[in-house]
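Hello,

I am handing over the structure below. My notes on the ligand and the chain contact follow it.

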Amino acid sequence: MNTRKPEEIAEEVVAEFSVFDEWLDKYEYLIELGSSLPIIDEKDKTDDKLISGCQSRVWLACEYRDGRIWFTADSDAIITKGIISLLIRVYNGQKPEDIASSDFGFIEKIGLRENLSPTRANGLVSMIGQIKAYAKKYEC
Amino acid sequence: MILNGNNIREAFPILERSVYGKRFVYFDNAATSQKPREVLELHDTIYRNSNANIHRAVHRLSAEATDLYEQGRAAVKRFINAGEDGCVILTSGATASFNLLAHSFTARFVGKGDRILVSEAEHHSNLVPWQLACDRVGAELGFIPVDDRGEIILDEYERMLDGRVKLVSVAQVSNVLGIVNPIREMVSMAHAKGIPVAVDGAQGVVHSESDVAALGCDFYIFSGHKIYAPAGTGVLYGKKALLEKMPPFFGGGDMVGTVSFEGTTYAPLPLKFEAGTPNYPAAACYAPALKMAEAMRSDADVFHEERRIVMFLVEQLQKINGLRIAGLPRDMGNKVPVISFSVEGAHPEDMALILDKMGIAVRSGLMCAEPLVRKFSDKGLLRISLLPYNTMEEAEFFMECLKKTLAMLKAI
Ligand SMILES: Cc1ncc(COP(=O)(O)O)c(C=O)c1O
């Protein structure tokens, strides 16, 4: 269970990223974060878990337990993996209604939305869309 | 104009800018070229001084705009050496040209059970329009194979040229492989059997010969924006004998003879295929754009420097462990500065994102040639593509940055 709301964790992420003024340092950090991603089970890497709109392949699955949503994911691109692991850090173990009502604004605040390539920005939008879609599915 | 590395660069104002506070290195020229000052100025002048719709009105500015548009067409004719038997149709881009050709050619010349041949190394623009057109008339597409080096297998090609084939449509230079295909030979082989040939010159027009008389092809297609003209410009060159028999694609203004509710007769070539208001200010810029291309192409120093850069990049890239270049012809003289590769353990998208932050613009992914790219790598490729305004120093800087990138991604 996650005792903190998504907004609180998102603020923490924004604060972490604010120490980098070089883009490459941000990327180094994202690459590092990729390794802490809760990896999706190999057998769940099916086409229905693939997120469209990304240049790289991204799989995202979720499980609903005790009123909370738990995500697993993977990508064959390492920076993408870092970005999903950020999203999962914020939204893992949260209540569906808290995820569904979240504005995901922290992605913009850490500068990822504008500075990722247009194809990647779409991918990001699709990833967020999928997280919200899962949340909506379990919202009561 | 005497060209050298410095004054070519000076002609392209955008090359002076920086990105993320770093110097800007533009290595995505196969997607689109940057524009020289003369092009920017003419485009601006037309809107400031001579803007009116073309071909339609009797007033002074319409005449000026029409003249400028037609001078653009004349520049294309000169640049590709179109003779009296050929016609230059101005379109909005290579993709528009292919859709026009695929629709109108198949409507007139292709029927059920017939075949059209393309190669395995085509851009989607020289593939999808044919799939659509073939579906419409019940024809099928055949794929001329390329070998592991990316070279067309000519023996296979010759075997495929049977009585069912109504057209061959093939890239002069693939936007992924960067290899100049043996177009003259392929044209003679097809013509020996009475089969016409269309050539996708989108990359070839900048990196290889653009003389349609020498190539011998029946159709030649390219985009103006890849050869220094503004976006929204394309060419379909065709032999008049074929074009005259083909029905129009778009209907509308300018392409008609007389219109009545019962039916319509069509304007003579090329207007029959130029319905509606074209992007005339952009098309007018063919004149300065192709003048620039001509100046670069006729300068031996520019040519030699480009060869030196291609060889340097290919050699240096091949020294990297796990790096594989897609498109290595037996004769390296046929390799143009369009170089795609994969690196084991590094996703092209990651590489492109990091290189971007170092100031270098490259392309990653499937590059609108999915079947071909998948042959080489399921994750896509990274592509660098250069034009004469790029320098050896930039190539060296790129190699340094690529190595740093791969280190960051723990691929080397
Ligand atoms: C070989 C080739 N053919 C066709 C095209 C399509 O050109 P456009 O997008 O300008 O219509 C391109 C452009 O990427 C190309 O490289």
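**Ligand site**

The shell around the ligand holds 2 nonpolar, 8 polar and 2 charged residues. Please keep in mind that this is a predicted model. The residues surrounding the ligand include B:Gly93, B:Ala94, B:Thr95, B:Asn175, B:Asp200 and B:His225. B:His123, B:Gln203 and B:Lys226 belong to that shell too.

Those three side chains each place a polar atom by a ligand oxygen. For B:Lys226 the distance is 2.5 Å. For B:Gln203 it is 2.7 Å. For B:His123 it is 3.2 Å. On its own the ligand exposes 390 Å², and the protein buries 85% of that.

**Contact between chains B and A**

Chain B brings 16 residues to the contact, and chain A brings 18. About 1,500 Å² is buried between the two chains, with carbon and sulfur atoms giving 58% of that area. Of the area that chain B buries against chain A, 37% comes from B:Glu349, B:Lys357 and B:Met408, more than from any other three residues.

There are 2 salt bridges across the interface. B:Asp378 forms a salt bridge with A:Arg57, with the closest N and O atoms 3.9 Å apart. The interface also has 7 residue pairs in polar contact.

On the chain B side, α14 (348-357) and β16 (363-365) are the elements that give two or more residues. α14(B) gives the most, with 5 residues. By class, the chain B side has 6 nonpolar, 3 polar and 7 charged residues.

Best wishes

Terms used. Residues numbered from 1 in each chain as written. Chains lettered and ligands numbered in written order. Predicted model: local features only at pLDDT ≥ 70, side-chain atom pairs only at ≥ 80, totals over all residues. Heavy atoms only, no water. Contact = heavy atoms within 4.5 Å. Buried area = accessible area lost by both parts, 1.4 Å probe. Salt bridge = Lys/Arg side-chain N within 4 Å of Asp/Glu carboxyl O. Polar contact = N/O pair within 3.5 Å; in protein donor to acceptor, adjacent residues only side chain to side chain. Helix = DSSP H or I, 4+ residues; strand = E, 2+ residues; numbered from the N terminus. Nonpolar A, V, L, I, M, F, W, Y, C, P; charged D, E, K, R; others polar. Near = heavy atom within 4 Å. Areas by Shrake-Rupley, 256 points an atom, 1.4 Å probe, with all protein chains shown as cover.
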